[in-house]
Amino acid sequence: MHLLRLTSTRLRSGLCLAAIAALAACGTTTPLPPLPPLPSAPSQPSAPPAPVLRPAPAPLVPAPAPQASNPNASFGRPALGPVLARFDGDAVKGIDIGGRLGEPIQAARDGRVVLVSSALPAYGTMVILKHDDDFITAYAHVSKALVAEGETVTRGQPIAEMGQSGTDRVKLRFEIRKGGAAVDPEPYLNGSAH
């Protein structure tokens, strides 16, 4: 009985394949006869469509303010994002910190705003702070400066918003200059340099 069922299944499969092959080989475009119309149902008033329920949009929550990675560090971290590029002294004279458009950028140390400019295309819009006779910091690629030249700022004060001016993605180029020379910012941010 089992053998008979298996043979019957193979025979049906073979016939189906033969029918498909014959239809494919047939190159005629003979139209099929018209189909009879479907019976119509008695007309009833249709109910209005159910309303589509969508969840309410989530409220915008401002990003938390950046915090210094080490409270004993001589400079505070200017933005929260990950480090995208590290100081190499050549092409990268600071660090690149990733973020979202409009996130706050904070002064890394108390100082005075000495420049707000877009004069250097490779840096986009930038803010430069002078901290003392030895140190200045630069904050490049900002979308909006929140301070003006000559203004005094304190460590942690928002001075700009994250942007992508002069670059291909949203990021902050943060540089520290000591005696006019670019230095690696990370030791100053983690407390191992002063």
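Arginine 173 and aspartate 96 form a salt bridge between their side chains, with 2.4 Å from N to O. Arginine 173 belongs to strand E10 and aspartate 96 to strand E2, so this pair ties together parts that lie 77 residues apart in sequence. Both arginine 173 and aspartate 96 are buried. The model is a predicted one.

Aspartate 96 has another partner, lysine 171, whose side chain meets that of aspartate 96 in a salt bridge of 3.1 Å, N to O. Here too the pair links distant parts of the chain: lysine 171 is in strand E10 (residues 171–178), aspartate 96 is in strand E2, and 75 residues separate them. Lysine 171 counts as buried because its relative accessibility is 13%, under the 20% cut-off. Aspartate 96, at 3% relative accessibility, also counts as buried. These residues belong to a network of salt bridges that links Asp96, Lys171, Arg173, Glu175 and Arg177.

A further salt bridge joins the side chains of glutamate 186 and arginine 86, at 3.0 Å from N to O. Glutamate 186 sits in helix H2 (residues 185–190), while arginine 86 sits in the loop between strand E1 (83–85) and strand E2 (95–98), 100 residues apart. By the distance rule, the count of salt bridges comes to seven.

As for the whole protein, it has two helices and 11 strands, and along the sequence the order is α-β-β-β-β-β-β-β-β-β-β-β-α. Among contacts with a separation of 6 or more, 59% are between residues 24 or more positions apart. Of the 194 residues, 30% count as buried. The protein exposes about 12,800 Å², and carbon and sulfur atoms supply 62% of that area.

Technical notes. Residues numbered from 1 in each chain as written. Predicted model: local features only at pLDDT ≥ 70, side-chain atom pairs only at ≥ 80, totals over all residues. Heavy atoms only, no water. Helix = DSSP H or I, 4+ residues; strand = E, 2+ residues; numbered from the N terminus. Buried < 20%, exposed > 50% of the residue type's maximum accessible area, 1.4 Å probe, protein only. Contact = heavy atoms within 4.5 Å. Areas by Shrake-Rupley, 256 points an atom, 1.4 Å probe, with all protein chains shown as cover. Salt bridge = Lys/Arg side-chain N within 4 Å of Asp/Glu carboxyl O.
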